[in-house]
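Take a moment with the sequence and the picture, and then we will walk through some of the contacts together.

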Amino acid sequence: MAHYELYVCLKKATYESTIPSVLQPKLGWNNYTYEEDGETIDSTTAYTPTWKEAAFKGKLGAPRTSLDGNLIVIKGEFSLRTGELSAIINLGSGMDYPNNSVLTKTEAQTLVNGELFTE
């Protein structure tokens with residue numbers, strides 16, 4: 001199985017929460033602390049960011065925010081094989097569209113060109 005370039009429409013609360021742990025290797029990063037000399041690494045800690053932090057770090061496409069600020073559409077490449085896509089789909093379990101929904105490019109374009117995102 002391959003990686004799929006998809007769009008995700010997240011609720012604001014989800015966008016501002018940490019990403020699922022399975023996405024940490026792809027969207028997270030390491031934080032380092034240094035010795036007093038400023039050059040020697042003292043420790044390394046894996047950091048699991050929020051969706052918003054990952055987007056602004058350049059690990060996801062530029063976010064598109066709905067007019068009321070409650071929905072954010074982001075673009076990313078996610079693996080079905082490693083469980084990344086399943087974890088994202090689970091974010092929307094029991095929710096109505098478009099809350100925490102995985103979208104194709106065409107679906108994302110239709111959504112962001114509709115009344116929720118444009119005046």
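Is Y47 buried, partly exposed or exposed? Y47 is partly exposed, because its relative accessible area is 28%; buried means under 20% relative accessible area, exposed means over 50%, and partly exposed lies in between (1.4 Å probe, protein chains only).

Before going further, a word on what you are looking at. This is a predicted model, in which local features need pLDDT of at least 70 and side-chain atom pairs count only at pLDDT 80 or more, while totals for chains, interfaces and linings use all residues. Residues are numbered from 1 along each chain as its sequence is written, and side-chain values use heavy atoms, with hydrogens and water left out.

**Rings and a charge**

Y47 has a ring partner. A search of the whole structure finds 1 aromatic pair, where rings of Phe, Tyr and Trp (its six-membered ring) pair if their centres lie within 6.5 Å, and planes under 30 degrees apart count as stacked, over 60 as edge-to-face and the rest as tilted. The partners are W29 and Y47, a tilted pair with 5.3 Å centre to centre and 40° between the planes. W29 lies in strand β2 (residues 29-34) and Y47 in strand β3, so the pair ties together parts that are 18 residues apart in sequence. Helices (H or I, at least four residues) and strands (E, at least two) are DSSP runs, numbered from the N terminus.

W29 itself counts as buried, at 17% relative accessibility. The ring of W29 also has a charge over it: the charged end of K57 sits 4.6 Å from the ring centre. For this, NZ of Lys or CZ of Arg must be within 6 Å of the ring centre and within 35 degrees of the ring normal.

Strand β3 (residues 41-47) also holds I41, which is partly exposed at 43% relative accessibility. Together with Y32 and Y34, I41 forms a nonpolar patch on the surface, with about 310 Å² of accessible area together. Patches are made of residues with over 30% relative accessible area and no salt bridge, with like charges joined within 9 Å and nonpolar side chains (Val, Leu, Ile, Met, Phe, Trp, Tyr) within 5 Å. The areas come from the Shrake-Rupley method with a 1.4 Å probe; for residues, only the protein chains shown count as cover.

**Salt bridges**

How many salt bridges are there? The count comes to 2, a salt bridge being a side-chain nitrogen of Lys or Arg within 4 Å of a carboxyl oxygen of Asp or Glu.

| Salt bridge | Closest N and O atoms |
|---|---|
| K75 and E5 | 3.4 Å apart |
| K26 and E84 | 2.8 Å apart |

K75 and E5 form a salt bridge that links distant parts of the chain, with K75 in strand β5 and E5 in strand β1 (residues 3-11), 70 residues apart. Here K75 is partly exposed, with a relative accessible area of 32%, and E5 is exposed, at 52%.

K26 forms its salt bridge with E84, and this pair also links distant parts of the chain: K26 is in helix α2 (residues 24-27) and E84 in helix α4, 58 residues apart. K26 is partly exposed, with a relative accessible area of 27%, whereas E84 is buried, at 6%.

Now turn to the loop between α4 (84-91) and β6 (101-103), where P98 is found. The peptide bond from Y97 to P98 is cis, with omega near 5°. N100 is found in the loop between α4 and β6 too, and its phi is near 50°, a positive value in a residue other than glycine. Most residues other than glycine have a negative phi, and most peptide bonds are trans.

N100 is buried, with a relative accessible area of 4%. The side chain of N100 reaches the backbone nitrogen of K11 at 2.9 Å, and a polar atom of that side chain lies 3.1 Å from the backbone oxygen of L91. A polar contact is a pair of N or O atoms within 3.5 Å; within protein, one must be able to donate a hydrogen and the other to accept it, and residues adjacent in sequence count only if both atoms are side-chain atoms.

S79, in strand β5 (residues 71-79), is buried with a relative accessible area of 1%. The side chain of S79 reaches the backbone nitrogen of T82 at 3.1 Å.
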